[in-house]
Amino acid sequence: MAGSKTVAAISTPHAVGGISVVRISGPDAIAAADRVFRPVSGRSLAEHRGYTAAYGTVYDGEEAVDEAVVTVFRAPKSYTGEDVAEISCHGGLYVTRRVLMAVLRQGVSPAGPGEFTKRAFLNGKLSLTQAEAVADLIQAGGEQSLRSARGAVNGALYRKIQGLTERMLEVSGHIAAYMDYPEEEIDPVESDEVRSVLTQVKAEMDGLLARFDQGRMIREGVETVILGKPNVGKSTLMNLLAGARKSIVTDIPGTTRDVVEETVTLGGVVLRLADTAGIRETGDAVEQAGVELALERLDSAQLVLAVFDSSSPLTAEDERLMERLGGVPCVAVCNKTDLGQMLDVQKLRERFCPEKSARLVEISAQEGKGLEELSRAVEEVLSLNGIEASGAMLANMRQFSCAERAASLLEEALATLEAGYTLDAVDVSVESVISSLLELTGERVTDAVVEQVFSRFCVGK
Ligand code: GDP
């Protein structure tokens, strides 16, 4: 970035660790590092090529602050595309801050949130969708979300959108060539070809939009409610999933009183679990509050694990629970299979399995049996099976609304074509589709959007 300031920040977490990294980026980065660093070899950093490191001592004035290794990256071959020096010092909070202070005293400015990644974007090292994925990668909580973010950092969405943009540019070029001869009738072959490309690109956009919910579940986790009458084993199941005894497990009905929150991974999917009090009407005020919470959560839930006790027959309470489930994707979990079968599983199966969005599994939460089946059932009801997490996926509302706009403009272009208007009328929509796609990847985007994207980042990234 021409004329940019040199900035620095601590790029590792603000916590005690073995090593911390102070990253400096900008035209003066290596010279500023040289001013605070005395290498053992006596060879200044200015003499170092990119991708090399030097061992020595960081000084603040004449005071030695810490021993460190400084890695030199030369523009454009660095994360930001600028000259970068990374000082790896000891990972104490105070010592790291002292190293940063020493650097800032050299006329270097503190980096803002996401400033290094923003510079990478502005220097063309990353597309906007890749930069957004860096934030997702940092926050990834499970294997699927990691794979999804890594796919986006590697540019899966960017490449897909770029491919579609190229096809739209071809259409636009076609139309432009035609418009040079306005007196000529539109060749039906020509308009068929335009229609065919528009239809294909529209189908691709629709596919991306349709997978948005799945993508979001993969990245952010699935809001899950465990429901069931008291004592069926909800807490035991939750503890099994969490791998720790977080909820209170007792055999007195109604002891899970409040909502316990937990994030667990089942297979590769992150479930945001709320273990709720039994969905039982009761005079007990505390338990009543838990019931309310359970019902409230049901409204926003993306998944319900409805737990039943295999060792006793279905009761009116179970029936009532089933009625409450509505259309939320659901897995009926028949627990306590180790105790022998008293539950009419066939009846439950009939109730659940005709619906595409429900499955039934039998488990023993106490013995930890049936988790694989549960995992598979969850992926099936959420349509996460067969989703390639590393494939192109829209990652946030900004990208979603650009894609939605592109899809509706494509529809408009097709309608204009069907109505028999001239191709230049179609071209108006086609141009707008191209703008929306370029905005999605960040190739044509306002400063305000860029600011907003990077404000999500932490300082140091
Ligand atoms: P909740 O009220 O639905 O949360 O039920 P809990 O998880 O507190 O479990 C109630 C009782 O059932 C406890 O004594 C558990 O140990 C027991 N339990 C839970 N799951 C199983 C299971 O799979 N097999 C057997 N035999 N007992 C279970």
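N231 counts as partly exposed, because its relative accessibility is 31%. This residue of the predicted model sits in the loop between β8 (222-227) and α9 (234-242). Its phi is positive, about 80°, although N231 is not a glycine. Most residues other than glycine have a negative phi, and most peptide bonds are trans.

Y51 lies in the loop between β3 (37-39) and β4. Y51 is exposed because its relative accessibility is 57%, and the cut-off for exposed is over 50%. S383, which follows α13, has a positive phi near 55°. The peptide bond between A75 and P76 is cis, with omega about 0°. P76 belongs to the loop between β5 (63-73) and β6 (84-90).

The chain as a whole was examined next. Its secondary structure consists of 16 helices and 13 strands. The chain has 461 residues, and 50% of them are buried. The accessible surface is about 21000 Å². Carbon and sulfur atoms account for 52% of that surface. Contacts between residues at least 6 apart in sequence were also sorted by separation. Of these, 69% join residues at least 24 apart.

The largest nonpolar core holds 35 residues. Within this core, M168, L198, M205, L394, V426, V430 and L437 touch the most other members. Four helices each supply at least two of the core residues: α6 (156-179), α7 (188-210), α14 (397-418) and α15 (423-441). The largest share, ten residues, comes from α14. L437 illustrates how the core is joined. Leaving aside residues up to four places away in sequence, L437 touches I161, L164, T165, M168, M205 and A406. A second core is separate and has 30 residues, including V331, A377, L382 and L384.

Helix α14 also contains R398. R398 counts as buried because its relative accessibility is 14%, and the cut-off for buried is under 20%. Its contacts, not counting residues up to four places away in sequence, are L128, T129, E132, E439, L440, V449 and V453.

Helix α13 spans residues 371-381. Its buried residues are L374, S375, A377, V378, E379 and V381. An α-helix has 3.6 residues a turn, so residues three or four places apart point the same way.

The loop between β13 (358-362) and α13 contains E367. E367 is partly exposed because its relative accessible area is 45%. The side chain of E367 makes a polar contact of 3.1 Å with that of K369. T337 is 30 residues away from E367 along the chain, yet their C-alpha atoms are separated by 9.4 Å.

Nonpolar residues also occur on the surface. V40, Y55 and V69 form a nonpolar patch there. Together they have about 280 Å² of accessible area. Y55 is placed in strand β4 (residues 52-60). Y55 counts as partly exposed because its relative accessibility is 44%.

Definitions and conventions:
Residues numbered from 1 in each chain as written. Predicted model: local features only at pLDDT ≥ 70, side-chain atom pairs only at ≥ 80, totals over all residues. Heavy atoms only, no water. Core = buried A, V, L, I, M, F, W, Y, C linked by side-chain atoms within 4.5 Å. Buried < 20%, exposed > 50% of the residue type's maximum accessible area, 1.4 Å probe, protein only. Contact = heavy atoms within 4.5 Å. Patch = residues over 30% accessible without salt bridge, like charges linked within 9 Å, V, L, I, M, F, W, Y side chains within 5 Å. Areas by Shrake-Rupley, 256 points an atom, 1.4 Å probe, with all protein chains shown as cover. Salt bridge = Lys/Arg side-chain N within 4 Å of Asp/Glu carboxyl O. Polar contact = N/O pair within 3.5 Å; in protein donor to acceptor, adjacent residues only side chain to side chain.
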